[in-house]
Amino acid sequence: NSNINFTNTNVMRADGGRDANVSGLTVAIHDRTLRYRVRTFGSYSLINRSTRDVANGYNPTISGFKYSAELAKIGGVWQYGISRSVESNQYNINDLGFLRAANDVSHNGYFRYNLLQPNGIFNRFNSTISAHHGQLYSPRAFTSFDLSANAYAQFKNFWGISMRYGVRPLQSYDYFEPRTEGYFVSIPSSGSYSVHVESDSRKPLKGNVYSGRFVRNEWDQDSDWVGVFLRYRVNDKWSLNVEVNAEDNNNGRGYVTKQTDDVPDHEEIIFGE
């Protein structure tokens, strides 16, 4: 069950356009009992700028990298793992891929309990506690720290329920929302919770109901959501789905525009509520 794979995406544009190449290598190694796993990933991106950009004085190439490493116990009642992921500030796969934002260093850890056999009122049960610590790659600056706990239970009648609680106990720093290098916005602590109930998926008609709430007290910010999902299985090849949900958001804050005043090289970042 161990494996190795190589991936390459390549974009070549005519008439002096921008070219891009991204290569990635993944290696996953399991022990003989399939209880432990070591997984590593490395990727290198290279962009050759267009002839127009080079003529305007830009460097002819942009290169970046990403790597990650994970050590985990994936078998047994008690499971756990730790991982580290690094994306350089110039890592870019978006010519033939999607990356919301690079320039990130993250550390993650989790601890999980699994019910491996039906027991009592449960067919299945698992619960997980996890933590995330985030930084910028350049400059190396703290961005966020998150804690979360979630649990899922499926009962003997094949109905299920899942619950999640998450908290960001420390002030975090968003270097992307101001849309300008060298600026960041300080974001107060926050918390959220959600509940999801599902009916027996063996039946032709299955229903899910979910709800949750997010709160950031210092900004008087909150968000509430609720939804219903229904699936009717006509036969083994056809099913009909419908989902209705509603969300109410209050006092969020975000980027609006940028203004330059009479002071040379001075910019005002305008946020709105």
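User: What does Glu-87 form a salt bridge with?
Analyst: Glu-87 pairs with Lys-66, and their closest N and O atoms are 3.4 Å apart. This is a predicted model, by the way.

User: Where do those two sit in the chain?
Analyst: Glu-87 is in strand S5 (residues 78-87) and Lys-66 is in strand S4, so the pair links distant parts of the chain, 21 residues apart.

User: Is Glu-87 buried or exposed?
Analyst: Glu-87 counts as buried, at 8% relative accessibility. Lys-66 is partly exposed, with a relative accessible area of 21%.

User: What else touches Glu-87 around there, say Leu-99?
Analyst: Leu-99 is in contact with Glu-87, and also with Tyr-91, Ile-93 and Asn-94, leaving aside neighbours within four places in sequence. Leu-99 is found in the loop between S5 and strand S6 (104-115). At 16% relative accessibility, Leu-99 counts as buried.

User: Back to salt bridges. How many does the structure hold?
Analyst: There are 10 salt bridges. One of the others joins Glu-70 to Arg-39, with the closest N and O atoms 3.1 Å apart. Glu-70 lies in strand S4 (residues 61-73) and Arg-39 in strand S3 (residues 36-48), so this pair ties together parts that are 31 residues apart in sequence.

User: And how covered are they, buried or exposed?
Analyst: Glu-70 is buried, with a relative accessible area of 15%. Arg-39 is partly exposed, with a relative accessible area of 35%.

User: What about Arg-179, which residue does it form a salt bridge with?
Analyst: That's Glu-177, and the closest N and O atoms are 3.4 Å apart. Glu-177 counts as partly exposed, at 22% relative accessibility.

User: Now Asp-222. Which strand is it in?
Analyst: Asp-222 is in strand S14 (residues 221-233). Asp-222 is buried yet has no salt bridge.

User: What's the nearest side chain of opposite charge, and how far away is it?
Analyst: The nearest one is Arg-213, 4.3 Å away.

User: What does Asp-222 touch, not counting residues up to four places away in sequence?
Analyst: Asp-222 touches Arg-213, Phe-214 and Val-215, plus Asp-248, Asn-249 and Asn-250.

User: OK, zooming out. How many helices and strands does the chain have?
Analyst: The chain has 1 helix and 17 strands. Its radius of gyration is 24 Å, well over the 19 Å that the globule rule gives for 273 residues, so the chain is more spread out than a compact globule.

User: What box do the C-alpha atoms fill?
Analyst: Roughly 70 × 50 × 40 Å, taken along the principal axes.

User: How much of the chain counts as buried?
Analyst: Of the 273 residues, 29% count as buried. The accessible surface comes to about 17,500 Å², and 54% of that belongs to carbon and sulfur atoms.

User: And among contacts between residues at least 6 apart in sequence, what share joins residues at least 24 apart?
Analyst: That share is 44%.

User: Last one, how far apart are the mean positions of the positive and negative charges?
Analyst: The chain has 29 positive and 28 negative charges, and their mean positions are 15 Å apart.

Definitions and conventions. Residues are numbered from 1 along each chain as its sequence is written. This is a predicted model: local features need pLDDT of at least 70, side-chain atom pairs count only at pLDDT 80 or more; totals for chains, interfaces and linings use all residues. Side-chain values use heavy atoms; hydrogens and water are left out. A salt bridge is a side-chain nitrogen of Lys or Arg within 4 Å of a carboxyl oxygen of Asp or Glu. Helices (H or I, at least four residues) and strands (E, at least two) are DSSP runs, numbered from the N terminus. Buried means under 20% relative accessible area, exposed over 50%, partly exposed in between (1.4 Å probe, protein chains only). The radius of gyration is taken over C-alpha atoms; the globule rule is 2.2 Å times the number of residues to the power 0.38. Contact means heavy atoms within 4.5 Å. Accessible areas come from the Shrake-Rupley method with a 1.4 Å probe; for residues, only the protein chains shown count as cover. Lys and Arg count as positive and Asp and Glu as negative; His and the chain ends are not counted. The place of a charge is taken as NZ of Lys, CZ of Arg, CG of Asp or CD of Glu.
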